[in-house]
Amino acid sequence: MTERSDTEATEAGMNGGSGKKTYEGQSVTVTFEAGRCRHAAECVRGLPEVFDTARRPWIRPDGATAERLVEVVRRCPSGALRYRLADGGTGP
């Protein structure tokens with residue numbers, strides 16, 4: 001898995017920064033935009049083995065199946081989380 005920052009100005013995370021980070025897994029890549037996050041914690045409650053704010057990197061896409069990860073990312077109420085499947089599929 002690779003963690004890559006799309007902005008240099010802000011450290012993204014659950015700390016409220018406005019940056020955007022990409023977390024690459026084998027079958028799915030998750031993008032998190034901290035400035036959009038409203039901390040509803042749907043991700044953390046839905047898939048704690050992937051989304052763990054006490055760990056760095058806090059998103060580990062390979063911690064669950066792509067299908068389950070996509071299901072949880074789609075529940076993000078703010079759209080702060082997005083995904084891209086390795087086969088090219090994308091979503092909010």
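The stops below go from the whole chain to single residues.

**Before starting**

This is a predicted model, in which local features need pLDDT of at least 70 and side-chain atom pairs count only at pLDDT 80 or more, whereas totals for chains, interfaces and linings use all residues. Residues are numbered from 1 along each chain as its sequence is written, and side-chain values use heavy atoms, with hydrogens and water left out.

**Stop 1: the whole chain**

Display the chain as a cartoon. The chain has 2 helices and 5 strands; here helices (H or I, at least four residues) and strands (E, at least two) are DSSP runs, numbered from the N terminus. Followed along the sequence, their order is β-β-β-α-α-β-β.

Next, show the surface. The accessible surface of the chain is about 5,000 Å², and 45% of this belongs to carbon and sulfur atoms; such areas come from the Shrake-Rupley method with a 1.4 Å probe, and for residues only the protein chains shown count as cover. Of the 92 residues, 40% count as buried. Buried means under 20% relative accessible area, exposed means over 50%, and partly exposed lies in between (1.4 Å probe, protein chains only).

Contacts give another view of the fold; a contact means heavy atoms within 4.5 Å. Among contacts between residues at least 6 apart in sequence, 42% join residues at least 24 apart.

**Stop 2: a strand residue and a loop residue**

Select T31, which is found in strand β3. Is T31 buried or exposed? At 13% relative accessibility, T31 counts as buried. Leaving aside residues up to four places away in sequence, T31 touches K20, K21, T22, A80, L81 and R82.

Now select Q26, in the loop between β2 (20–24) and β3 (28–33). Q26 is exposed, with a relative accessible area of 69%. With residues up to four places away in sequence not counted, Q26 touches D62 and A86. The C-alpha atoms of Q26 and D62 are separated by 6.5 Å, although the two residues are 36 apart along the chain.

**Stop 3: the salt bridges**

Show the side chains of E42, R45, R68, E71 and R75, which are linked in a network of salt bridges. A salt bridge is a side-chain nitrogen of Lys or Arg within 4 Å of a carboxyl oxygen of Asp or Glu. Side chains of opposite charge can pair when their charged atoms come close. By this rule the count comes to 4 salt bridges, and three of them can be visited in turn.

- Select E42 and R45, whose side chains meet at 3.3 Å, N to O. Both lie in helix α1 (residues 42–46), 3 residues apart, about one turn of the helix. E42 is partly exposed at 28%, while R45 counts as exposed at 56%.
- Select R68 and E71, where the closest N and O atoms are 2.8 Å apart. Both lie in helix α2 (residues 66–74), again 3 residues apart, about one turn of the helix. R68 is partly exposed at 30%, and E71 is partly exposed at 42%.
- R75 counts as partly exposed at 35%.

**Stop 4**

Most residues other than glycine have a negative phi, and most peptide bonds are trans. Select H39, in the loop between β3 and α1: its phi is near 55°, a positive value. H39 is partly exposed, with a relative accessible area of 41%. A41 lies in the loop between β3 and α1, and its phi is positive, near 65°. A41 is partly exposed at 24%.

Then select R56 and P57, which are joined by a cis peptide bond with omega about -5°. P57 lies in the loop between α1 and α2.

**Stop 5: the cavity**

Finally, select C37, A40, A41, C43 and C76. Among the 15 residues that line the largest cavity, these lie nearest its centre. On a 1 Å grid over the protein atoms alone, a cavity is a set of points where a 1.4 Å probe fits but cannot get out, and lining residues have an atom within 4 Å of a point. A search of the whole structure finds 1 cavity of 30 Å³ or more. The volume of the largest cavity is about 110 Å³, a volume being the space filled by probe spheres set on the points, which are joined across faces, edges and corners.

How values were computed:
On a 1 Å grid over the protein atoms alone, a cavity is a set of points where a 1.4 Å probe fits but cannot get out, and a pocket is an open set with protein on both sides within 12 Å along at least five of seven lines; lining residues have an atom within 4 Å of a point.
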